[in-house]
Structure formats: C-alpha cells, structure tokens
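Work through the exercises below with the sequence and the coordinates open. Each task is followed by a solution in steps.

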2 protein chains.
Amino acid sequence: MSQEITATVLSIGDELLIGQTINTNAGWIGEQLSLIGIRATRVLVIGDDRQEILDALAQVRTDVLLITGGLGPTKDDITKHTLCEFFGTHLVRHPHIEARIAAFFESLGREPLEVNRAQADLPENCTVVPNERGTASGMWFEREGRVYVSMPGVPYEMKAMMEQHILPELKRRFTPPTIVHRTVLTTGLGESHLAQRIAAWEDSLAEGAIKLAYLPSPGLVKLRLSTYANNDPLGARDRVDQKAQQLYRLIPELIFGEGEERLEQVVGRMLKERGETLGLAESCTGGFVSHLVTSIPGSSAYYVGGVVSYANAVKMAELGIPADMLKLEGAVSRPVVEQMAQGVRQALRTDHSIAISGVAGPDGGTPEKPVGTVWIAVAGPHGVRSTMGNFPGSRDLVIKRSALAALNMLRKELLDHPAHRPMVDENL
Amino acid sequence: MSQEITATVLSIGDELLIGQTINTNAGWIGEQLSLIGIRATRVLVIGDDRQEILDALAQVRTDVLLITGGLGPTKDDITKHTLCEFFGTHLVRHPHIEARIAAFFESLGREPLEVNRAQADLPENCTVVPNERGTASGMWFEREGRVYVSMPGVPYEMKAMMEQHILPELKRRFTPPTIVHRTVLTTGLGESHLAQRIAAWEDSLAEGAIKLAYLPSPGLVKLRLSTYANNDPLGARDRVDQKAQQLYRLIPELIFGEGEERLEQVVGRMLKERGETLGLAESCTGGFVSHLVTSIPGSSAYYVGGVVSYANAVKMAELGIPADMLKLEGAVSRPVVEQMAQGVRQALRTDHSIAISGVAGPDGGTPEKPVGTVWIAVAGPHGVRSTMGNFPGSRDLVIKRSALAALNMLRKELLDHPAHRPMVDENL
C-alpha cells in the first residue's frame, strides 16, 4: 500500500464563526476525499482576515489544502489578495473569463458591474479552475510538493468544481490507495435496533478486511462498506459485493437503494418503469412529500399533482371526506386517511395515491393522539392500505419521518404487486 | 475600549471529518460567544487522535479554548487522557459524580456498567463542570492566563453546560467588551447589486464605528450591523438603531424582517393579525411553498391548503384553467398563472392566494422560456397581480428562489393594502 495522502480543509468566512452559516462544505469535502482514498485530518475555520489566512497557509502540514469561501464580489472578501501575497504573485485580468462573466450576467438580462468583472482578476502563477455554475474561478497552486486549491464557498458551485475538476486532478497527482466501497440505504429501523439485527453479519466483515460505518439521518440509516483494493481491485470489489449480497438476504424489506439514491428517486423510477402515475393528499406534512417527489428531475412523467388539505373544509370539498366522518373519527384517523387517499386518486385520476394525516406539533396533541401520531394510507389498483406511526422529535422531524415512511409504504406496495396491469385505468 | 477577548473552538471526532455528522456545535458556540463579546477567531476540527489533540492544545493563541467531543463512554476516552498528559496530571475518581451517574442509570431502570462509572474519572487539577443532561462531566483548566474547557459533543448536553455554567463563568473571568448588533433581512436583490444600492450608507457606518457583514443565502441577503458598546451600551444601541432606520428608509421594499425571522413566518404573522387566509396553487415549486408555510407552528390559523397542479389535467380540473388557454399561451404564462391564483382562491374560498408556474429545469427550457423562467401571481380582495422572474441556478435553487419571491410578493401585496376588510367573503 502506498503512503497515506492527507488533506486539510480551510473554510474562510466570518459568517461561519458566528453561526450565521452552518459549515456543510467541510464535511462534504471530507467525505468526497475519503472516497478517493485521501484522508482529511483537520478542518480549520477562520474569518475573512488577512493575517489569519496567512497563518493558516503557513501552518499546513498535509499534502493537500482545500480552501473554500472568501471569493465573492463584495468588500469583505480578501482571500484572493492574501493568496497572491503568500505565493509572491499578483492579480492579472483574464479576458476570456471576463467575457464568460459578462455573458453569464447578460443571460440573466443584467449588466455586470465592475466588481463582477473583477472576478476575472486572478493570480498570475496559479492554474485557473473553471467554475461551471458561477463567476468566481477556482485557483490551483503547488509549492514544495503540496497542493493548495481555493474554491468559492457557495456549495452548489464548489461541489461542481470538486467533482468535475479537483477530485480527478488530485487522483492523477497523488495516485492515492484505491478504496472499494458500497453504501446500502435502509429505512424503517433505527440505528441501534438495526445494529442488533445485523450483529452476526457485522462480526463476519473482519475476515474480508471490510470496514462498516453506520451513517444515520432522520428516518434513514446508510450502511457503508469499504476496503482497500491494494493490488487486487477486482478481488476487493468481489469481497464487498459478497457481503452486500448477504445483507440483502438478511434485511430485504429495509433496503431501498444504494449510494446517493434518495427514496423519492427510487419510488419515482419504479413508477416510471411501470408507466403508472401518482397523486398525493397531504395534511400534516403540508406539501413536503410533494416537494420531495418533485425535487427529482423528470418527475412530471409520473407525478400528476396533489392536494394539501390543511383545513377540514378542503378535506371535505376537494377529497370528499364526509363531515360526519371528520366529526366522529377526527381528522387523524384510519377512515379519514383512507378516504383522503381514495379521494385524491379519484379526483386526479391517478394509478396510485398516498395520503397523510397526523399531529406534527408542537401543539394539537391529545392523550389519545399525542404529537407524532401520523396515519398514512396508500391507494391503488389493488385497494387501499393504511398504517399508523408514532414519530419522535420536533415538528420538523415528525414531518420528515412521516414523509419517508409514506414513500416507503408506496415502495412496498409496488413491490408487493409487481405484475404489470393493463394500461387502461378504471377511472377513465 | 478594553482589549478584545478571543476564542478557539476545537471539535474532536472522526465522524466530523468524513461528513457523517455536520458540525453544528462550533457555529452555535461562536454565536453564543459573540453575544457576550468574545470573538471566536478559529474553529479547528480534528479526529480522535492523541497527537492531533496535543498539537491543537499546544497551538492555541487565543484567550479561551472550548473543546467539544471525545468524552463518550464507548470511545477510547482519548480526550480525557490527552488532557491529563498536556496538563501534567492524572485521573482520579470522584465519588459524588459516580453516585450521580449510578442514580442517572437507575432512574432509567438500568444498571450502570463499569464504562459508565469510569466517566467519574476526571483530571485531578481541573474544575469539574456539571452536566445536567448526561453523564460526561465538563473540565475547566487554566494555564498562563488561558482558559481551556472540555465539553461533551452531544449538542443537547453541551448547550446546557454552556448556558448554565461556562458562558456565565467566562463573563466573570474576562469581563469582555459588550457588542451591540442587529441583523436586517432582505430579499429581492442579489448581494452585489444590493451592495451598490447601499454603498453610500455603508460608507457612512465608519463614523459610528459600526461594522457591516453581508450574509447571503439563496434568495436572501442578511445585513448584520455590529459595534462595541464600550462603556456606553445605550449610546451604542442608539448608533446601531439610527443606522438601521436609515437603511429602512433606503430600501423599504427589500427588508422583510430581522434576526432569526423567516419570510414565511413574517407573512404568516401578517395574515394572522389580519384574520385572513391563504391558499396556494403550485406548479414548478411542487409543494415547496406549502411546505415552507406549514413549517411554521400554528400555520393552520391562516393556511387553508393548496393544490399542486403538476400536470395540465390538474390545472384544468382543479383550478379551472381553460384547455384553450394552456394550448395557446403555455402553462408558463401570465394568463395561466393568474387563472391558477384566482382558481385556487375560489376553490378553497380563501382571502388570498399565490400561484406559481415556471421551468425549474434541468429539462423543459426553450429559447423563449429558458430554465429559470417563473411566473408568479397573487390574488386577493383587491384583484390579481403577476410578475415574471428569471432565477439562476440548479433545479433546487430555482425552486427555492421562486418560493421566496412568491412569499415576498404576497408580503408586498399585504403591505400595499393595509386596510382591514370586512370579515365577509364575496365567495361565500
């Protein structure tokens, strides 16, 4: 195995130090580096301050320094000038980059200001890294075997720059040890119960020199398997795949996808492949499931639309819930949520529908139906099914967990009825 | 002015370096420190590694070092042992803390294990900081005028420890200069154009020794004014308030709130105060506006519901858009979005409505209506208004920016018609 390559992440910005902005960039960069076999050993956050930046640059002891932030067009951004000072160079204007900036603003129907044009001023002795999504270019410096890269702090711009240019170039430059990995996505069981369920399998990973990481987030647990390829990448891939297959046999109902997939993407793909459509009726989730579904590009191929029936009047008028039922059972009940699912399926003439009604909190809970009580129904050509969940946490978490549980319920329904139905809808 | 007190935040944990856990502690600590006049000048994140911790301790140049993480019972207790090594001391068991830990476990009906009891082993020469919410105690050391505090990494435990013990003690120990600040929230103009618009005002801040920070996020720019109180906190508050008032006169239409407020909260409060209701018709935002509105606790007081009319069939059936109009004008057009707003207002019988129809991308753009073209309409007792925006960025950003622009349009409509209307709806 070749020697370990290490990296420091340097995040620049007063807003990070006073908690105005949460530093999500550093963790993302650390994760991406780990996937190509480079280990982030430290993250340093400092303000927009010349001396702090100089000190940080001088203190680097790792092979790579990745800098984010401090490249915006306004006054408090001094990273670029300080990089010039450290590397003993000066700014020169790059006419082709200035032209790109001008074109970018013109495409938005706006005139570039001089501060915008000045983003084409870049240090003479750096390699300019293109920014496909914005106007602040990246800068790549090398000195005494170390690589220093400066990127904008806007996550959307920085991520494209990393993926398209910097990660591939770091791989070429350092040839870090190859790591083979596979991430299996699960939902439906919390971290500690999941760990208990797969304990024996987890113990068996050591024999194949495979490491396991639990990566929990609200409603999901990702299981990341990894091993060094050493001089046998195919053998390493084989070891990891074998263990992943064992996991699929062990917890088939909990696994919904792999890698960067999202549950709404998996469900969307299933619907698209079947040529079937979806409608939504949301109460306590307030449009969040619809937002998740439509966050996937191309979702209009299967998503027809939805009704957010926040008030009971909307549940009655748009979804056909009888007033008696609401009075007798309450809005958070099996009959109401099942009727919501069937009502929206009929109104929007979709193959499938999901309905959700619950108590998201912080108010509105009762001893019988405390905050976190959520009914979910799925309706389709094979009838309607419903279930009740008790989701812990804040309003925000109840909404998120309900949404994932609802999408997962539809996923299971689709798996239970794989047969392709004729392309004629009884509603038409 | 007394000398500035500075702090370093040291976050320890491998999970922070590979993006498994987002480091929210550091920003929160920085914010809390800034509120008592201590400036966090750097955040350092390192792994659970003895040498890294020793290096970090030796490199501190600030008055205060606040350490989080590495104190859990399942870790190797590297932090605690390394602190002993650095301060030349050793661990001793504290019987009263051991008794507290035992009582804590018994209250949960569980037997404490030896690893739990070992959390009562603490360095001999530190001041123990009580943990009201868990079993890992904090540790306060002083050396050569510097304060070093070690806390658990669990945010819920760390925050209580900071608020109840460490912040008050830091204030007593350092009597830091008080900082007066005020954050004004704007939307509707990007960072560089906003900076140009308020340039003269910004230049005038120096005379009052007031600092300005631009804190941009998608669709918003926060403007944070701050100054030292020195020995005249009322005078400092006055200087900041005066400048804020000038800003309100300068860009009244761009300012929607202050501090931690969110636009959906501001609009919700306005509706609630007027006793008026809202309905939504969303196409390209796919339920995201509805999600924002319902993320606010108590939103059911004014939010009736919405229709996500993703397919044209839903626009026709639920919102009364004529098929001819869709064919002639296209779904992304002024007539369609205005009819969507009026249609949903009628269907859900609300006082106000917002409708949005646009091209979120990445596909679906045309030369006439490129990705980012979004029509927004607001309908209410005073008729319907609409506008077109061109929002840059990814699908996700187009959705976010459209949603904020739509909420802001309703906010302005409410401001333009402050008169209370009679509580009779012409729809009823």
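## Exercise 1: a helix pair in chain A

In chain A, helix H13 (residues 312-319) and helix H15 (residues 334-348) pack with their axes 9 Å apart, at an angle of about 45°. The model is a predicted one.

Task: State how H13(A) and H15(A) are oriented to each other, and which residues make the contact.

Solution. 
- Step 1. Angles under 35 degrees count as roughly parallel, and 65 to 115 as roughly perpendicular. The angle here is about 45°, therefore H13(A) and H15(A) are oblique to each other.
- Step 2. H13(A) contributes A:Lys315, A:Glu318 and A:Leu319, while H15(A) contributes A:Gln339, A:Met340, A:Gly343, A:Val344 and A:Ala347.
- Step 3. Sorted by class, this contact of H13(A) with H15(A) holds 4 nonpolar, 2 polar and 2 charged residues.

## Exercise 2: the pair in chain B

Task: Give the angle and the axis distance for helix H13 (residues 312-319) and helix H15 (residues 334-348) of chain B, then list the contact residues.

Solution. 
- Step 1. The angle is about 45°, and the axes are 9 Å apart.
- Step 2. H13(B) and H15(B) are therefore oblique to each other.
- Step 3. On the side of H13(B) the contact uses B:Lys315, B:Glu318 and B:Leu319; on the side of H15(B) it uses B:Gln339, B:Met340, B:Gly343, B:Val344 and B:Ala347.
- Step 4. The classes are 4 nonpolar, 2 polar and 2 charged for the contact of H13(B) with H15(B).

## Exercise 3: H2 and H7 of chain A

Solution. 
- Step 1. From H2(A), A:Asn25, A:Trp28, A:Ile29 and A:Gln32 meet A:Pro155, A:Met158, A:Lys159, A:Met162 and A:Leu167 of H7(A).
- Step 2. The residues of this contact divide into 6 nonpolar, 2 polar and 1 charged.

## Exercise 4: the buried side of H4

Task: Which residues of helix H4 (residues 79-87) of chain A are buried, and why do they lie on the same side of H4(A)?

Solution. 
- Step 1. The buried residues of H4(A) are A:Thr79, A:Lys80, A:Thr82 and A:Leu83.
- Step 2. These residues cover an arc of only 165° around the axis, which places them on the same side of H4(A).
- Step 3. An α-helix has 3.6 residues a turn, so residues three or four places apart point the same way.
- Step 4. After H4(A) comes A:Gly88, with a positive phi near 60°.

## Exercise 5: backbone angles in loops

Task: Locate A:Asn230 and B:Thr175, give their phi values, and classify the exposure of each.

Solution. 
- Step 1. A:Asn230 sits in the loop between strand E11 (220-228) and helix H10 (233-250) of chain A. Its phi is positive, about 45°, although A:Asn230 is not a glycine.
- Step 2. A:Asn230 has 14 C-beta neighbours inside 10 Å, so it counts as partly exposed.
- Step 3. B:Thr175 belongs to the loop between helix H7 (155-174) and strand E9 (179-187) of chain B. B:Thr175, a residue other than glycine, has a positive phi near 35°.
- Step 4. B:Thr175 has 12 C-beta neighbours inside 10 Å and therefore counts as exposed.

Task: What kind of peptide bond joins A:Gly361 and A:Pro362, and where is A:Pro362?

Solution. 
- Step 1. The bond is cis, with omega about 0°.
- Step 2. A:Pro362 lies in the loop between strand E15 (352-358) and strand E16 (373-380) of chain A.
- Step 3. In chain B, a cis peptide bond joins B:Gly361 and B:Pro362, with omega about 0°. B:Pro362 is in the loop between strand E15 (352-358) and strand E16 (373-380) of chain B.

Notes. Residues are numbered from 1 along each chain as its sequence is written. Chains are lettered from A and ligands numbered from 1 in the order in which they are written. This is a predicted model: local features need pLDDT of at least 70, side-chain atom pairs count only at pLDDT 80 or more; totals for chains, interfaces and linings use all residues. A residue is buried if 20 or more other C-beta atoms lie within 10 Å of its own, exposed if 12 or fewer, and partly exposed in between; C-beta atoms are placed from the backbone. Helices (H or I, at least four residues) and strands (E, at least two) are DSSP runs, numbered from the N terminus. The arc is that of the directions from the helix axis to the C-beta atoms. Two residues are in contact if their C-beta atoms, placed from the backbone, lie within 7 Å. Ala, Val, Leu, Ile, Met, Phe, Trp, Tyr, Cys and Pro count as nonpolar, Asp, Glu, Lys and Arg as charged, and the others, Gly among them, as polar. Axes are lines fitted to C-alpha atoms, for helices over the stretch in contact, and angles run from 0 to 180 degrees between N-to-C directions. Angles under 35 degrees count as roughly parallel, over 145 as roughly antiparallel, 65 to 115 as roughly perpendicular and the rest as oblique.
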